[in-house]
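Please find below a colleague's note on the side-chain contacts of the structure shown here.

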Amino acid sequence: MRESSLVRRILKALKGRGGYWFKVHGHPGQTRGLPDIIGVYRGRFVGLEVKVPHRKDRVTELQAYTLEQIRQAGGVGEVVTSVQDALDIISQISGAI
């Protein structure tokens with residue numbers, strides 16, 4: 001499976017659960033290292049870096065740093081490799097409220 005199709009599947013599933021979600025499309029003027037999917041779910045900022053399962057270890061240093069910055073600011077910043085990973089994350093947010 002290609003990462004782009006995985007991103008589309010994850011976005012569809014997340015939008016079906018509510019919240020506000022969008023795909024970050026990179027371009028030269030954009031901040032580098034932003035997660036593939038950004039959203040707000042039940043008042044929490046969420047940044048998800050999407051990787052296909054066999055490339056999970058391919059998170060760049062800048063991507064890892066950005067996810068950590070999101071976590072330090074009180075948001076949720078994670079690497080996901082499946083629709084279920086993403087749904088598990090928002091389920092954890094629901095359980096924490």
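**Note on side-chain contacts**

1. Glu 68 and Arg 71 are both placed in helix α2 (residues 61-72), and because they are three residues apart there, about one helical turn separates them. Helices here are DSSP runs of H or I with at least four residues, strands are runs of E with at least two, and the numbering starts at the N terminus. The side chains of Glu 68 and Arg 71 form a salt bridge, with an N to O distance of 3.0 Å. A salt bridge requires a side-chain nitrogen of Lys or Arg within 4 Å of a carboxyl oxygen of Asp or Glu.

2. The model is predicted, with pLDDT of at least 70 needed for local features and 80 or more for side-chain atom pairs, whereas totals for chains, interfaces and linings use all residues. Residues are numbered from 1 along each chain as its sequence is written, and side-chain values use heavy atoms, without hydrogens and water.

3. The term buried applies under 20% relative accessible area, exposed over 50%, and partly exposed in between (1.4 Å probe, protein chains only).

4. How many salt bridges does the rule give? The count is three. One of them joins the side chains of Asp 36 and Lys 23, at 3.7 Å from N to O. This pair connects distant parts of the chain, 13 residues apart: Lys 23 belongs to strand β1, and Asp 36 to the loop between β1 (20-23) and β2 (37-41). Asp 36 is buried, its relative accessible area being 9%, while Lys 23 is partly exposed at 26%.

5. Glu 49 and Lys 51 also form a salt bridge, in which the closest N and O atoms are 3.7 Å apart. Glu 49 is buried, with a relative accessible area of 2%. Lys 51 is likewise buried, at 9% relative accessibility.

6. Two aromatic pairs are present in the structure. In one of them, Tyr 20 and Phe 22 have ring centres 5.8 Å apart and planes at 50 degrees, so the pair counts as tilted. Rings of Phe, Tyr and Trp (its six-membered ring) pair if their centres lie within 6.5 Å; planes under 30 degrees apart are stacked, those over 60 are edge-to-face, and the rest are tilted. Tyr 20 is exposed, with a relative accessible area of 55%, whereas Phe 22 is partly exposed at 32%.
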